[in-house]
Amino acid sequence: MAQLPTAPARTPKRKGAPRFSWGPYLLLLPSVGLLTLFTLWPMVSSLWSALFLSDLAHPEPEFAGLANFATLFADDHFRQALTNTVLFAIGTIPLTVALALLLATQLNRKLRSVSLLRAAFFYPTMLPLVSAATIWNFMYNPLYGPINLAVKAFGGEAQNFLGSSKLALLAIMFVSVWKDAGYFMLFYLAGMQNLPTDVYEAAELEGAGRWHQFRTITFPLLMPTTLFVATISFINAFKTVDQIFVMTGGGPDNSTSLLLYYIFEQTFAFFNKGIGAAASVVLILILLMAALFNHFVVDKKVHYE
């Protein structure tokens, strides 16, 4: 009697074998879409626009290669704006980080009014930049501003802070530090409250004082927080424009013209879109190089396993 053919035996699937799934990639789609729409596409668009002459003399964009970049770096106004931005970053970043750390250290205690003090120092962060700039316009007023009234009360001479090419940039720096220090203070407070307590207990048993504990324990363990705060502060320094627009308009004598304000001025005031796009590319490259330096150099030296 002939035997019926039997079906080939199925190879059993290995347990634990990875199976491809589209689920994680679908979950990433919204983030990738937003990144492409609001970050990658503007970067590519700026680079493309920088290759064309597009101003009042060229209503139709005309391909010019790297001519806009040559014009840009030959422009004294651009070089001054770039120098002002570097000085602004040097003047604000260390001071903002140090003040935020100092505030967090002093307010990381069990005080009766600690919540009120934290809210008071954080309050400037909640103000819109335009409102904060308007307040400081009044504070700096040479005739009836509270700062100059206090200077006169102590026998000093009133200063036109925003009208002096030597003082205007310093005045803008002070506003930025005042605005950002309370915001960064919260990050330090969060970092301090997550530090291991047993390390401090051991230090106290060894007789280490508060300053020694801060220098050898707190500050080293807070280096990741410091890196984050310094990075955000660096980005803020290079994207400062609201205070400049409201308080000085880049003056006097371009002494407060920063890089982003220069881009705004070239693009929307002078309608020179090619130069504005070229300056935007320079700004993007500066921020990109800073991000790569942080990722490949600094980041590896501040994290403790």
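Ala153 is exposed, because its relative accessible area of 65% lies over the 50% cut-off for that class. The model is a predicted one, and in it Ala153 is placed in helix H6, which covers residues 146-153. The C-alpha atom of Ala153 is separated by 27 Å from that of Phe121, a residue 32 positions away along the chain.

**Aromatic pairs**

- Across the whole structure, a search for aromatic pairs returns 19 of them.
- In one of these pairs, the ring centres of Trp136 and Phe174 are 5.3 Å apart and the ring planes meet at 75°, so the arrangement counts as edge-to-face, the class for angles over 60 degrees.
- A tilted pair is formed by Phe264 and Phe268, for which the distance from centre to centre is 5.8 Å and the angle between the planes is 40°.
- Both Phe264 and Phe268 lie in helix H12 (residues 259-269), where they are four residues apart, or about one turn of the helix.
- Phe264 counts as partly exposed with a relative accessibility of 30%, while Phe268, with 58%, counts as exposed.
- Ring pairs also join Trp136 and Phe174 with Tyr140, Phe161 and Trp178 into a cluster.

**Largest pocket**

- The volume of the largest pocket is about 690 Å³.
- Its lining consists of 22 residues, of which Asn108, Tyr200, Arg210, Gln213 and Thr218 are the closest to the centre of the pocket.
- The elements that contribute two or more residues to this lining are helix H3 (76-107), H7, helix H8 (197-205) and helix H9 (210-221).

**Nonpolar surface patch**

- Leu285, Leu288, Met289, Leu292, Phe293, Phe296 and Val297 make up a nonpolar patch on the surface, and together they present about 670 Å² of accessible area.

**Backbone features in the loops**

- The peptide bond between Gly251 and Pro252 is cis, with an omega of about -5°.
- Pro252 sits in the loop between helix H11 (242-247) and H12, and Asn254 is likewise placed in the loop between H11 and H12.
- Asn254 has a phi near 60°, which is a positive value in a residue other than glycine, and at 28% relative accessibility Asn254 counts as partly exposed.
- Phe271, found in the loop between H12 and H13, also has a positive phi despite being a residue other than glycine, with a value near 55°.
- The relative accessible area of Phe271 is 45%, and Phe271 is therefore partly exposed, as this class lies between the cut-offs of 20% and 50%.

Notes
Residues numbered from 1 in each chain as written. Predicted model: local features only at pLDDT ≥ 70, side-chain atom pairs only at ≥ 80, totals over all residues. Heavy atoms only, no water. Patch = residues over 30% accessible without salt bridge, like charges linked within 9 Å, V, L, I, M, F, W, Y side chains within 5 Å. Areas by Shrake-Rupley, 256 points an atom, 1.4 Å probe, with all protein chains shown as cover. Salt bridge = Lys/Arg side-chain N within 4 Å of Asp/Glu carboxyl O. Phe/Tyr/Trp six-rings, centres within 6.5 Å; stacked < 30°, edge-to-face > 60°. Buried < 20%, exposed > 50% of the residue type's maximum accessible area, 1.4 Å probe, protein only. 1 Å grid on protein atoms, 1.4 Å probe; cavity = no way out; pocket = protein on both sides within 12 Å on 5 of 7 lines; lining within 4 Å. Points joined across faces, edges and corners; volume = space filled by probe spheres on them.
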